Amino acid sequence: MNAHELGFLPERLARIPEFVQANYLDNGKLPFASLLIGRGDDIALNWSSGVADDAIFRIASMTKPVTSVAFMQLVEQGKVALTDPVAKYIPEFAKLGVFVAGGGNIPFVSRPPATPMRIVDLLRHTAGFTYSFQERSNIDAAHRKTDVESWSRNTSQSFIDILAEIPLEFDPGTEWNYSVATDIVGILIERISGQSLPDYFQHHIFAPLGMNDTFFAVPADKAGRLPEAYVFDAEAKLKLSDKAGIESLWAKGWSFNSGGGGLASTVADYHRFCRMLLNGGALDGVQIISPKTLELMTANHLPGGKDLTQMSKSLFSEADMAGIGFGLGFATTIDSAATLVHCSTGDFYWGGMYSTAFFVDPVEDIIMIFMTQLMPSTTYPVRREIKTMIYSALAA
């Protein structure tokens, strides 16, 4: 079906890639870009510039929804419950306290948490963990000092052992902070299923969905499809952060497979994942999760129905805050007017540190996937601009 048949005004849809090309690629702000806009199971626009159509991108935190779906499969099977204490499966966390004082060369002082950390706290980022790159507290400083987030120096076990020695930032369930919590969800999947995270994903998500180009470690025969990745530099705009092809870190693999950010994938593969989400958990006759599970995942799970402006202490996340709640692995729009961005109440989304992004809108039946490779994702507002232009292209 063409764009008009899918309910878009073709001339307005066409100006989206023209905008990205003129404002981000021709001037060297972004190295390259790929964009897919779908409606239902059909594709309204599929565009790439400066990179192959089948490129394999480092999707970073767009791994989180995959990990969250995988975990909810185990919930569906009765093997674990969202209300279970995390320490039931990770006893190393049994004595994990909440920060009172200390850090640096001074030993931490902590107190017992007022409430036990539950698995739902991991999925919605209310567990009390953090990320090292926030550079805001003594806790994220400890992440940097211990190198706990290094995928090449840690294993699943050493990752847990180090975290068990660093206090939580707050009592579980009381605040929201973007964090390594989804990495812990990945380790829960390994412990509960008895499979490594790559094997679990392959057997229960990737193979059933036909996602043949999504990996933690890109195999040698496909590594040539990995483009370079960059970090923003004030003078040069683009500074190389990871080499292309077989020399990429994603071709060499990791000792720790990060459920929070370790995957590489293609536009086509992630489109299949998003189609499954849009279709109530099913694709091509395969039910990955149930419609009610997906309904639960995309509901706002922040206590009291609050949005991120009321709950977040994070200096950085993949979400603008106003009108945005958080579910089980996704941000979800709970008040479209408050966002001041074209969207639908009930859409859900996330992004990655290399400026990749997706959203799924069940109201308008829209999927968007944007890929490039520049970190941090806050460098440019391109993702917001694309979303605005997509909704502006809808026909009456």
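Predicted model: local features only at pLDDT ≥ 70, side-chain atom pairs only at ≥ 80, totals over all residues.

Let us begin with the aromatic rings. Across the whole structure, a search finds 23 aromatic pairs. One of them joins F32 and F57: the ring centres are 6.3 Å apart and the planes stand at 50°, so this pair is classed as tilted. Where in the chain do F32 and F57 lie? F32 belongs to the loop between α1 (10-25) and β1 (33-39), while F57 is in strand β3 (residues 57-58). The two are 25 residues apart, and their pairing links distant parts of the chain. Both F32 and F57 are buried.

Aromatic residues also gather in a group. Y131, F133, W176, Y178, F326 and W350 together make up one aromatic cluster.

I turn now to charges that face rings. R39 places its charged end over the ring of F8, at 5.5 Å from the ring's centre. In another such arrangement, K387 lies over the face of F359, with 4.7 Å to the ring centre.

Finally, the cysteines. How many disulfides are there? The count is zero. For C274, the nearest cysteine sulfur is that of C343, 17 Å away. A disulfide requires the two sulfur atoms to be within 2.5 Å, so C274 is in no disulfide. Is C274 buried or exposed? C274 is buried, because its relative accessible area is 0%. C343 also counts as buried, at 17% relative accessibility.

Notes: Residues numbered from 1 in each chain as written. Heavy atoms only, no water. Phe/Tyr/Trp six-rings, centres within 6.5 Å; stacked < 30°, edge-to-face > 60°. Helix = DSSP H or I, 4+ residues; strand = E, 2+ residues; numbered from the N terminus. Buried < 20%, exposed > 50% of the residue type's maximum accessible area, 1.4 Å probe, protein only. Lys NZ or Arg CZ within 6 Å of the ring centre and 35° of its normal.
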